[in-house]
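Please view the sequence and the model together while reading.

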Amino acid sequence: MKISVIGCGYLGAVHAASMAELGHEVIGIDVDPARIESLQQGIAPFHEPGFDALLKKTASRLTFATDMSSAADANVHFVAVGTPQAADGSADMTFVNSAIEGLVPHLSEGDLVVGKSTVPVGTAERLSASVTPTAALLMWNPEFLREGFAVEDTLSPDRLVYGVPEGTDGDTATAVLDEVYAEILAKDTPRLVMNFATAELVKVAANSFLATKISFINAMAERADVTGASVTQLADAIGYDTRIGRRFLNAGIGFGGGCLPKDIRGFIARAEELGVGKALSFLKDVDDINMRRRTRVVDVLTEELGSLDGKTIAVWGISFKPDSDDIRDSPALDIAESLARSGATVVSADPEGWKPAQARIERAGLSASLTTTDNHHAAVTGADALVIATEWKVFQEEDATTIGSLMAQKLVVDGRNCLDSDAWKAAGFRYRGMGRA
Ligand code: UDX
């Protein structure tokens, strides 16, 4: 099939290459010429395991362009542009609106437009007013991919969700998308067909549930901190209950990234607009608990070191999660910035995030007190404390004795509860976890 993918960020670029992997002929379209140039050359514009290899493997069926008219040859058009957080907390629909506006003149009768972006409920219904006059069909097919596992999640998803219009149009749209995903469906992937509103809600509901699970365990970490309990053992113990499950119960400095924080805020904003704000008011607590985790690290360091003014602090981790270079709403980078604002000299190390962070640090006017590197040994040399802010494997595998020998003071704050605390204590470290001693 001939497919266009509008928007070539994490979601769109991976989706485009994955569709080519399924055997389709794909054109990826984005307004950013540098991004398109890079993709056209087979170079991933962001760090995502397996994506470079997929780009190369699918090169013969995959092209990229900046002009929307390149979509005219395709019959199925995926809209995968970003919906960032607007100033009032709601989802900013500028990119979705302009993608549809730009695409409409190039649509032909019988084409299928498939929305993948995370949008407030009611969006598909609203956009169908622009798409329907072209005799093309619109459906919503939310994406659940995790960064770091984007390729795997796209080609082997837990489920496929189809939001369709009522009646025969819905059946036609379903049949076309089934053809696109034939290889995935052949693996017995569950496929759920529902109306637009439900499909739009599924995505934000899933992310809200995950965010709630993380904030729940972080609330338990706050509780554990004042009682001497261990939140890690608590999570293990409740996680054995299959109704609860152990995944997403890792306490620490909380969630960040381009999805969870903005999606819960957008969900609250839309619920308020619809007059049911009360139903989702608990998500404000989820957000508050999450943001408190970032100050907790600064508080622990202040408890241990007294004033942070003039102290040297190493932070391992800048990206919002391991195996990613994404620094959007990263708790690790927020903490490094707060430490620098408290007067400390901070060196942040990250295998991937060290570079993209520099522009943001400059914009924040913190370049003099906060530097970044990909060398985590250099970062820790002479430091009064080490903060683990992103649980990269390379950090977890470090030898505590070696690291201790490089530091001025042996103090580690394990913001992700990911170190072997006994080994670090045995190496002479004062170890502070998040809700565990
Ligand atoms: C998330 C959803 O998982 C995905 O389905 C959706 O499509 C996009 O948003 P992603 O943002 O890639 O994916 O990251 P995820 O793995 O969910 O982690 C989000 C944040 O939660 C990270 O900052 C991570 O460090 C944090 N987290 C995760 C915890 O603090 N504790 C946990 O137990 C799990």
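In which loop does Phe248 lie? Phe248 lies in the loop between helix 10 and helix 11, where helices (H or I, at least four residues) and strands (E, at least two) are DSSP runs numbered from the N terminus. The model is predicted, so local features need pLDDT of at least 70 and side-chain atom pairs count only at pLDDT 80 or more, while totals for chains, interfaces and linings use all residues. Residues are numbered from 1 along each chain as its sequence is written, and side-chain values use heavy atoms, with hydrogens and water left out.

**Loop residues**

- Phe248 has a positive phi of about 65° although it is not a glycine. Phe248 is partly exposed, at a relative accessible area of 34%; buried means under 20% relative accessible area, exposed over 50%, and partly exposed in between (1.4 Å probe, protein chains only).
- Asn417 is also not a glycine, and its phi is positive, near 45°. This residue belongs to the loop between strand 13 (411–414) and helix 18 (421–426), and Asn417 counts as buried at 12% relative accessibility.
- Ser319 is found in the loop between strand 9 (312–316) and helix 13 (331–341). Ser319 counts as buried because its relative accessibility is 0%. Leaving aside neighbours within four places in sequence, its contacts (heavy atoms within 4.5 Å) include Asp325, Asp350, Thr390 and Trp392.

**Nonpolar cores**

- A nonpolar core is a set of buried Ala, Val, Leu, Ile, Met, Phe, Trp, Tyr and Cys residues joined through side-chain atoms within 4.5 Å. The largest one has 41 residues, of which Phe51, Phe78, Leu177 and Tyr181 touch the most other members.
- Helix 1 (residues 10–21) supplies the largest share of this core, 8 residues.
- Apart from neighbours within four places in sequence, Leu177 is in contact with Phe78, Leu112, Val114, Met139, Asn141 and Tyr162.
- A second, separate core of 29 residues has among its members Ile253, Leu333, Ala357 and Leu370.

**Helix packing**

- Two packed helices are described by the angle between their axes and the distance between the axes. Axes are lines fitted to C-alpha atoms, for helices over the stretch in contact, and angles run from 0 to 180 degrees between N-to-C directions.
- The axes of helix 9 (residues 196–225) and helix 10 (residues 231–239) come within 9 Å and cross at roughly 135°. Helix 9 is therefore oblique to helix 10; angles under 35 degrees count as roughly parallel, over 145 as roughly antiparallel, 65 to 115 as roughly perpendicular and the rest as oblique.
- The crossing of helix 9 and helix 10 is right-handed. A crossing is left-handed if the near helix is turned anticlockwise from the far one by less than a right angle, and right-handed if clockwise. Residues that meet here include Phe216 and Met220 in helix 9, and Leu234 and Ile238 in helix 10.
- Helix 11 (residues 260–273) and helix 9 have axes that come within 9 Å and cross at roughly 115°, and this crossing is left-handed.
- Helix 11 packs against helix 12 (residues 282–305) at an angle of about 155°, with axes 10 Å apart, so helix 11 is roughly antiparallel to helix 12.

**Cysteines**

- The structure holds 0 disulfides, a disulfide being a pair of cysteine sulfur atoms within 2.5 Å. The sulfur of Cys8 is 17 Å from the closest cysteine sulfur, in Cys259, which is too far for a bond.
- Cys8 is buried, with a relative accessible area of 0%, whereas Cys259 is partly exposed at 31%.
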